[in-house]
Structures are given as structure tokens and as C-alpha cells.
Amino acid sequence: MKTVHKFILKSYLGPMVLTFFIVMFVLIMQFMWRYIDELVGKGLDTSVIFELMMYAAATLIPMGLPLATLLAAIMTMGNLGENYELLALKSAGMSLPRIMKPLTIVIGIIAVASFFVANNLVPYSTKKIYALIYDIRQQKQSIEFKDGIFFNGIDNMSIRVDKQHPETKLLTDILIYDTRDLNGNMTTTLADSGYIRLSDDKKYLLVTLYNGQTYEETRNYQWFDKSALRHHFFTEQNGVIPLSGFDFERTDTEMFNNSQTKNIAELTQGIDSLEIVTSKSANSSYEPLLKNYIFTHDKALAQDTVPVDNSRKPKVRLEDSIAKMDIYERKSLWEDARITANNSRSLFSMDEQSAKEALNQLYRYKVEWHRKMSLPVSIMIFFLIGAPLGAIIRKGGLGMPIVVSVLFFVIYYIISITGEKLAREGSWGSFAGMWISTFILLPISIFLTYKATNDSNLFNAEWYIVHYRKLKAFLSTLHKRKK
């Protein structure tokens, strides 16, 4: 490897790693902020939070890698241009494509590796995230008492304390409403002080009360007219109440299967199966409608769609008409037509739901298939946009490169989201919806590479001012000649 190539690779890999981690940090924080309400107040272990962040980072690589590639390319080539190193290389007879050759090889390797990440790591991590989020949502909030406020985090129980000592955790003026009895009996407990806490395995509530009294209202099938009330005092009362939902329980990840948790092979198999299902669902929806209901007498329609058996249908004479019917016959005919139409609509709407669900699944599978295939291409295109832009702008650092990178990435993201939405809805084909951003940015990358190779003054304000003045002078000359 030439010294120049080593120098260029060294100049690129540092910003690439730095920008990738910066972008991933921002994306992970945005992900965690979205679920912050479900994470706070449940006593989750730090390992669970870090596990969630790790899997989230893996799923965000397809979004962060193209942006990091673009930003690093602009920074690297901008630094080389700003320090006149790019000019020196060109003066030595090296063209821009030759200077970019080692970077192109590296980006090609990264693009190929990104496919395997999107195909293997992302589906696995997505499945893990679904399972973790489900387990976190199932877990109840930890027991925390606030002064003077009822705590209702335990099923069929309400607990109120007047004050909790911050160091000893001693509770004072305790009031407990307990309606856990299956017979409907309700117990009200008052205590001067006590301790209420979870066991170490979070499966039991340990209650210790001092100097209190208990009111128990016994109810039976005649509770509205006859009910019994028992009242007793205690100096110390201990209780162990079984709980559920406070310990973090793991769910089998195989419960979570959708298009985002499958690789290319599984998506291809799913697409083949769903195409068969949607075809059968459509036929099962329309065929009974044509054979047995409102289109039974339309021979032309029957020949174009499905064969209709009219052997059991009464023959219709051409001389018959509604005009020759009396009012009762017309009413009977109208009632029969209305009932047949309503039955047809009910039958079709039930079958349509299953066909529509299968069709939506097919659209999602195709979108995910094209998403995995388009990621390596998008990384290459972002590099071919960023490197020429850096060579043209000739500004390094984090100022101008970040502005330009974010601008191009926002455009790419908006186009991608719009195309994906239309593809998921079936308004566009999945290929057009998922590749439209690539088709739009590819000509831009070719144009910028051409301009950078030929040392274009694309972003030089003075170049535009000079040509504007020349154009203005030319137009004024033409105006004088006409006079």
C-alpha cells in the first residue's frame, strides 16, 4: 500500500469512528427518551437498561451508518482541501477518483458488512427489544409511598401513609383498604406505625403494623340487607401477602415474530407463502359472491371470471318486466333483492378482513426485504456524495460538514419514509417505495463526483458573482443594440 493511501485511510477512519459513535449516541438517547415513561419507577436493574440500550444500538446501525459515512467523508475531504493537501496530491498528478480509491474500497467493505448486520443482527436485536419492552410493561411499579397519597399499585388494595421516615423507612398513620377476598369481604386496617416492603425476590409483600385496629365487613348473598362487621385491636400484626408482577420475568422471544424479526431467507419464504394466501383469500371472497348471489344471471361476467352454475336457477323470460308486475310483486322483488344484497355485503366484508390482513403482511414483508437490500447501496451513495462535497467545499471540522450532512440526510430520510409509507399501504410497489430515495440521490452523487473531479466552483460565491456580472453586461449590451 502506498504512503499516500495510508495517509488518506488514516485521515478517514478516525472521523468515521468518531462520527459513528456520536450519531449512535444521539439515536440511542432518542430511543430511550421515547420509552422513558415505561422505564422510570419500576426498580429495573441497571443490567436490564444496558441490555435494552445494546439491542437498540444494534437496530439503529442501518440508520446511523449512512449518516456517519456521509459526515466522515465530508470532514475528511474538507480537511484535506482546507489544508491544501488535496491540492498537493492533484499537483502530483493524482486525480480525485485515484485519491478516493482506498476510501472507496473501505466503504465497499463496510457496505457489504452492513448487509449482514441488517440481515442477521438487526432481526435478532429487534426480537429481543420486543421481548424486553413487553416484560418491562408487564412489570408493575415499585412500591413507593408518598406522604398523604394513596398507593394503588397492588391489585385490590389501597394504602395510604401520613409520613415516611427517609432513613428508617418507618411509616406513620397507616390506612389500608383490602378487597382481595373473593367473597367480597372488605377489610380496613388502621395503624399508628409500621413497615411495608417487598421481599428480596419481589414475590411477597411483608407487612408489620403496630398499635392499630381492624374493621372487617363480612358479606354474603344477603349483604344488602344483612351484613356483619367485626372489629378488633392489635399491638403488633404481621402479614405476608403474595404478589405478582413486581419481579422482572423473561418472556420467550419466539412469541414476537413479524417482518422486522426475519432475515432475507425467511422474508423470501414468507413472501411466497403470503402471495399464495392472498390469492386464495381473494378468490374465496369473490367466488361465492359471483356464483351464488347478485351476479348469478350475468352470463358475460360469469365467462370472464368464474363459471356459474345456473342449472338450479329459475329461467327468466325476456317478456317479463317490472312494469307488468303489480304492487305486491314489485314489493316482494325489491325485498328479495335487498336481502340478497345485504347478505352479499356481510359475507364479503368478513372474507375481506382476512384478505386485507394477509395483503398488509405481504406489503410489510416486501418492504423489509427491499430495506435490507438497499442499505449497502445507500451507504455507497452517501460516500459518493460526501467525498466530492468535501473536496468542493474545502471546509473541515464539525461546522459546515454537519450542516450539509444533516441537510442531505433529512432529504433522504423524508423521501425514504414517504416511499415506505406508500409501499406499506399498497399505493406504490415495494421496489419503487424503498428505492426511490436511492434513485433520487444517485444522479446527485454522480453529478457531484464529476464536478469535484473537474475542480468545479460549485460552491464558490465569487464564481457566481463574476458570471452574474458578465450575464448582466451581456444583457445590457443587447438592450442597447435594440435601441
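Reader: What share of the residues in the protein chain is buried?

Author: This is a predicted model, and buried residues make up 36% of the 483 residues in its protein chain. The chain has eleven helices and six strands. Of its contacts with a separation of 6 or more, 66% are between residues 24 or more positions apart.

Reader: Let's take single residues. Why is Thr-214 called buried?

Author: Its relative accessible area is 5%, and buried means under 20%, so Thr-214 counts as buried. Thr-214 is found in strand β5, residues 204-218. Leaving out residues up to four places away in sequence, Thr-214 touches Thr-187, Thr-188, Thr-189, Arg-230, His-231, His-232, Phe-234 and Gln-237.

Reader: And what makes Leu-229 exposed?

Author: Exposed means over 50%. Leu-229 has 62% relative accessibility, so Leu-229 counts as exposed. Leu-229 sits in strand β6, residues 228-242. Take Glu-217: Leu-229 and Glu-217 are twelve residues apart in sequence, but 4.5 Å apart in space, C-alpha to C-alpha.

Reader: On to the rings. How many aromatic pairs does a search of the whole structure find?

Author: The search finds 13 aromatic pairs. In one of them, Phe-382 and Phe-409 have ring centres 6.3 Å apart and planes at 35 degrees.

Reader: How do you know that Phe-382 and Phe-409 are a pair, and why is the pair called tilted?

Author: Rings pair if their centres lie within 6.5 Å, and 6.3 Å passes, so Phe-382 and Phe-409 pair. Under 30 degrees would be stacked and over 60 edge-to-face; the planes here are at 35 degrees, so the pair is tilted.

Reader: What parts does the pair tie together?

Author: Phe-382 lies in helix α8 (residues 327-393) and Phe-409 in helix α9 (residues 400-425), so the pair ties together parts that are 27 residues apart in sequence. Phe-382, at 1% relative accessibility, counts as buried. Phe-409 is buried as well, with a relative accessible area of 12%. Phe-382 and Phe-409 also form one aromatic cluster with Tyr-412 and Tyr-413.

Reader: Which residues touch the most other members of the largest nonpolar core?

Author: That core has 63 residues, and the ones touching the most other members are Tyr-12, Phe-31, Leu-52, Met-77, Phe-383, Ile-385 and Leu-389. At least two residues each come from α1 (3-34), α3 (46-82), α4 (85-91), α5 (96-138), α8, α9 and α10 (430-453). Helix α3 gives the most, with 16 residues. Setting aside neighbours within four places in sequence, Tyr-12 is in contact with Thr-69, Ala-72, Ala-73, Thr-76, Leu-103, Ile-107 and Phe-383. There's also a second, separate core of 19 residues, which includes Ile-159, Val-161, Phe-234 and Leu-243.

Reader: Last stop: which residues lie nearest the centre of the largest pocket?

Author: Those are Thr-59, Leu-60, Met-63, Gln-260 and Arg-371, among 35 residues that line the pocket. The volume of this pocket is about 1,200 Å³. Two or more lining residues come from each of α1, α3, α5, α8, α9 and α10. The lining divides into 19 nonpolar, nine polar and seven charged residues.

Definitions and conventions
Residues numbered from 1 in each chain as written. Predicted model: local features only at pLDDT ≥ 70, side-chain atom pairs only at ≥ 80, totals over all residues. Heavy atoms only, no water. Phe/Tyr/Trp six-rings, centres within 6.5 Å; stacked < 30°, edge-to-face > 60°. Helix = DSSP H or I, 4+ residues; strand = E, 2+ residues; numbered from the N terminus. Buried < 20%, exposed > 50% of the residue type's maximum accessible area, 1.4 Å probe, protein only. Core = buried A, V, L, I, M, F, W, Y, C linked by side-chain atoms within 4.5 Å. Contact = heavy atoms within 4.5 Å. 1 Å grid on protein atoms, 1.4 Å probe; cavity = no way out; pocket = protein on both sides within 12 Å on 5 of 7 lines; lining within 4 Å. Points joined across faces, edges and corners; volume = space filled by probe spheres on them. Nonpolar A, V, L, I, M, F, W, Y, C, P; charged D, E, K, R; others polar.
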